[in-house]
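The sequence and the structure come next.

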Amino acid sequence: MALLEINGLTQRFGGLQALTNFSISLEAHDLIGLIGPNGAGKTTVFNLVSGFYTPTEGTITFNGKPTRGLKPHQVAGLGMARTFQNIRLWNDMSVLDNIRIAQSHWLGYGFLDAVWRSGRYRRVEKGVEKKSREILDIMGLTEFTDELPKNLPYGLQRRVELARALSTNPKLLLLDEPAAGLNSADVDGLIRHIRWIYDEFRICIWMIEHQMKVVMSLCQRISVIDFGRTIAAGTPAEIQANPDVIKAYLGDDTL
Amino acid sequence: MQRRAVNILFLLAAVWLVAATQAGYFDHYVLTVLMFMGINIIFATSLNLVNGYMGEFSCGHAGFMCVGAYVGSLLSVAFFSSSKLFGDPLFPPELAPFLFPLVLILASLVAALFGLIVALPSFHTRDDYLAIITIAANYIIISLIENIDLIGGPRGFSGMKRTINAMTDVVDLPWMLIWVLIGTFVCVTLLYRLVTSTYGKGISAVCQNEVAAEIMGVNTNGVKIMAFMVSSGLAGLAGALYAHLYGYVNAQAFNILKSTEGLVMVYLGGMGSLSGVILAAVAFTLMVELLRFIIPAMNDLLHAGGLLPASFELSQIWKWVLIPLILILLMQFRPEGLLGNKELTHVFPRLKRWVSFK
């Protein structure tokens, strides 16, 4: 059974058709790319998948469950995590707190436990702290545990966001332009990092990326959308040779 | 031992205060100011949960205090004294010292329910729009109470002094001071524990990036309901204590001016700083009391200097010019407040041995 099954996904914002009849199927251990020119509807796909928008038409089935009607935090609880095109960290709380808060979906204690500091509260908080420190260690962020994310360089902020997403034990990790704003040395590091995460955590990664170097060297399959329509899908080699893709990116040479 | 240092210190100070009061060390005025300080701490720190930690601009906080004041007063009168409204007391007045916490808790719970007036619209609106809703909520509550003639309407409601007297009849202690101290302690402890828990940090996550919070698994609507209800519930506690301190309530005491006082304390202390807002509440209470002496002194001075026409007197009403003026000056020159969103432990790192805000 596929981990994520999307069928005939269509999204309209008023008169604008942002996405038309998009379908894809991701397996539990896939590394897939989603590319397309600016404004093609890539982030719309991610926003639909993570439950931020409710699709006009079409179905999304994640881990065997249809996600229509679920709130984003419930979808996150099913095992989906994402990073954002423009970094969205909680900037006035420490890096550790950023990771801790991402554990909200499995806390399982409520207001009274928090205020009473019950046994359950102490047990859960201990677990949360241990897990958060572990993930910071794995991601090489231990020395920044108590820093505020806004004081970190851009590349590190991206890494904190990635750590935050991984800390939720996702089955599916959505990366929205993970290389945006990174210099070429950082991009090489990111490629190694994503490959390592993919091998180590054995999860499914689906990424939107503009830098062809990243997509072509990482992804097994790529889908290309333009103006909300899927114009190609296949292996990196097939995509690179596809005339429609070249046309979408570089324009038609017949004027 | 070190972890409990602040609690022990508070307990010692509280015991000393009660003992000193019992020994007649404080006159009535000083005592009232002290108790008012506690009530202001509850009022300001609870407002800080919404305005500071959650970053919403609630300017109708006094409305919830009003609910707490009336519910607390009505229950107190119904429980412990005979009145025209409720007839004979529900419980023997000797039980007052033991059942009074129940009055406070019920008053807080009802006020928390009224918090839903603001919590539910907050799912879809924020910022300025929500601020307008909070002002509306304040007026709705006041008008509602003013129009229920059964509980005094615009004339107000009294009779709560009898409850406190009933307590004194059982054991001769400064009961009101004790309840204010307990209320302050419960409020600050509750807020401290809430905002340092992973669950409570969801409130700050909603403030700093709501989209990320929702997508990373924080139930943002649940967090908003919780924060608004806790905040208004604690305001209700402040209200119930306030009503018993004066022995008389009037809905107009909880209008927008009272809410503004809360805002001044929060913004003076620093949004999202528990220790800062406590300090600000103490400083603000003292300042308002000092104005009682400073305004007449100024009046005399200006008249003596011939700077004011003889027909014009500086009255206490000028307090309501000066307090909003503080708010304006704060917003202009130090919008983050005294401590910003930092705690005292950031300013004085040595304090970290005694209390941690992680």
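The text below covers the contact between the chains, a helix pair, a nonpolar core and a strand.

This is a predicted model, in which local features need pLDDT of at least 70, side-chain atom pairs count only at pLDDT 80 or more, and totals for chains, interfaces and linings use all residues. Residues are numbered from 1 along each chain as its sequence is written, while chains are lettered from A and ligands numbered from 1 in the order in which they are written.

**Contact between the chains**

Chain A contributes 30 residues to the contact and chain B contributes 23; two residues are in contact if their C-beta atoms, placed from the backbone, lie within 7 Å. On the side of chain B that touches chain A, the elements giving two or more residues are α8 (175–196), α9 (198–208) and α10 (210–215) of chain B. Helices (H or I, at least four residues) and strands (E, at least two) are DSSP runs, numbered from the N terminus. With eight residues, α9(B) gives the most to this side.

**A helix pair in chain B**

Helix α2 (residues 28–53) and helix α12 (residues 256–269) of chain B have axes that come within 9 Å and cross at roughly 70°. Axes are lines fitted to C-alpha atoms, for helices over the stretch in contact, and angles run from 0 to 180 degrees between N-to-C directions. α2(B) and α12(B) are therefore roughly perpendicular, a term for angles of 65 to 115 degrees. Gly262(B), Met265(B) and Val266(B) make the contact from α12(B), and the residues from α2(B) include Asn40(B) and Phe43(B).

**The largest nonpolar core**

A nonpolar core is a set of buried Ala, Val, Leu, Ile, Met, Phe, Trp, Tyr and Cys residues joined through C-beta atoms within 7 Å; buried means that 20 or more other C-beta atoms lie within 10 Å of a residue's own, with C-beta atoms placed from the backbone. The largest core has 174 residues, of which Ile39(B), Met65(B), Cys66(B) and Ala238(B) touch the most other members. Its largest share, 15 residues, comes from helix α11 (residues 220–246) of chain B.

**A strand in chain A**

All five residues of strand β3 (residues 31–35) of chain A are buried. Leu31(A), Gly33(A) and Ile35(A) point one way, Ile32(A) and Leu34(A) the other. Strands pair if DSSP finds at least two bridges between them.

| Partner of β3(A) | Sense | Bridges |
|---|---|---|
| β8(A), residues 204–208 | parallel | four |
| β9(A), residues 221–226 | parallel | four |

In β8(A), Ile205(A) is the bridge partner of Leu31(A), and in β9(A), Val224(A) stands opposite Ile35(A).

Conventions:
Parallel < 35°, antiparallel > 145°, perpendicular 65-115°, else oblique. Buried ≥ 20, exposed ≤ 12 C-beta atoms within 10 Å, placed from the backbone.
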